[in-house]
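Morning, everyone. Please bring the model up on your screens, and we'll walk through a few side chains together.

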Amino acid sequence: MKKLLFTIAACLVAVLASAQPMGGRPMGGRPMGGRPMGGPMGGMEKPFYELESDSIADAKIQDVAGRLDLTEKQFDKMVKLYAQEFEEICRNLQMSVREYQMMQNGGFRGRGGMMGAETPTNVQFDTAAARKTYDQIIAKYDKRYKKALEAPQYEVWKTLSATTLDNKFSSILQHVQENTQSMF
């Protein structure tokens with residue numbers, strides 16, 4: 001009886017071992033399951049925009065702090081708001097880019113690639129929808145900047161085009177596209 005149980009256990013271990021990929025990542029650079037590691041899905045690392053938002057915000061606010069005559073509390077609040085604004089813009093643009101990538105690759109195919117097996121030929125990135133969301137985020141954070149600053153400071157803030165993300169849609173979109181790996 002012991003010999004039979006040992007043989008069954010050995011066979012089970014052999015079958016399980018042969019079902020596992022050899023070595024680290026399978027060919028193609030992606031882990032089994034098709035989803036890249038890291039980023040918001042894999043939980044291994046933060047998305048690029050979360051890694052760079054604090055340093056971008058600190059540099060921008062540091063650059064204008066003297067002209068705005070910010071208190072330490074205002075400085076900290078403005079850095080926090082600017083970082084949040086940058087992250088929210090990038091997160092929403094990244095969702096749009098990934099949706100575009102998915103449509104470009106034929107959408108979700110389901111098991112065996114049966115659903116949506118044909119790749120669409122006329123898929124275009126919806127820049128207008130992305131810009132609309134972008135503008136809504138800019139308006140939301142503009143109200144927050146107005147609350148964080150005194151009226152004269154806010155007027156100076158609005159004249160400093162280098163600090164606002166409002167006119168930088170195309171450059172931020174390009175940055176997001178360059179830093180978004182296709183999941184498909």
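Start with a charge and a ring. Arginine 144 lies over the face of tyrosine 141. The distance to the ring centre is 4.8 Å. Keep in mind that this is a predicted model.

Now, rings with rings. How many aromatic pairs are there? The count comes to three. Take tyrosine 82 and tryptophan 157, which form an edge-to-face pair. Their centres are 6.5 Å apart, and the angle between the planes is 90°. Are they buried or exposed? Tyrosine 82 is buried, and tryptophan 157 is buried too.

Next pair: tyrosine 100 and phenylalanine 125. Here the ring centres are 5.8 Å apart. The planes stand at 90°, and an angle over 60 counts as edge-to-face, so this pair is edge-to-face. Tyrosine 100 is in helix α4, while phenylalanine 125 is in the loop between α4 and α5. They are 25 residues apart, and this pair also links distant parts of the chain. Why do we call phenylalanine 125 buried? Because its relative accessible area is 17%, and buried means under 20%.

Ring pairs link Tyr82, Tyr145 and Trp157.

Let's move to glutamine 74. Its place is in helix α4. Its relative accessible area is 10%, under the 20% cut-off, so glutamine 74 is buried. What does it touch, leaving aside its neighbours within four places in sequence? The contacts are Asp69, Ala148, Leu149, Glu150 and Gln153. Look at the side chain of glutamine 74. At 3.0 Å it reaches the backbone nitrogen of threonine 71. At 3.5 Å it reaches the backbone oxygen of alanine 148. Now compare sequence and space. Glutamine 74 and tyrosine 145 are 71 residues apart in sequence. In space, their C-alpha atoms are 9.9 Å apart.

Last stop: aspartate 69, one of those contacts of glutamine 74. Aspartate 69 is in the loop between α3 and α4. Its phi is positive, about 50°, although it is not a glycine. Buried or exposed? Aspartate 69 is exposed, because its relative accessible area is 62% and the cut-off is over 50%.

That's my tour. Over to you for questions.

Notes. Residues are numbered from 1 along each chain as its sequence is written. This is a predicted model: local features need pLDDT of at least 70, side-chain atom pairs count only at pLDDT 80 or more; totals for chains, interfaces and linings use all residues. Side-chain values use heavy atoms; hydrogens and water are left out. Rings of Phe, Tyr and Trp (its six-membered ring) pair if their centres lie within 6.5 Å; planes under 30 degrees apart count as stacked, over 60 as edge-to-face and the rest as tilted. Buried means under 20% relative accessible area, exposed over 50%, partly exposed in between (1.4 Å probe, protein chains only). Helices (H or I, at least four residues) and strands (E, at least two) are DSSP runs, numbered from the N terminus. A charge sits over a ring if NZ of Lys or CZ of Arg is within 6 Å of the ring centre and within 35 degrees of the ring normal. Contact means heavy atoms within 4.5 Å. A polar contact is a pair of N or O atoms within 3.5 Å; within protein, one must be able to donate a hydrogen and the other to accept it, and residues adjacent in sequence count only if both atoms are side-chain atoms.
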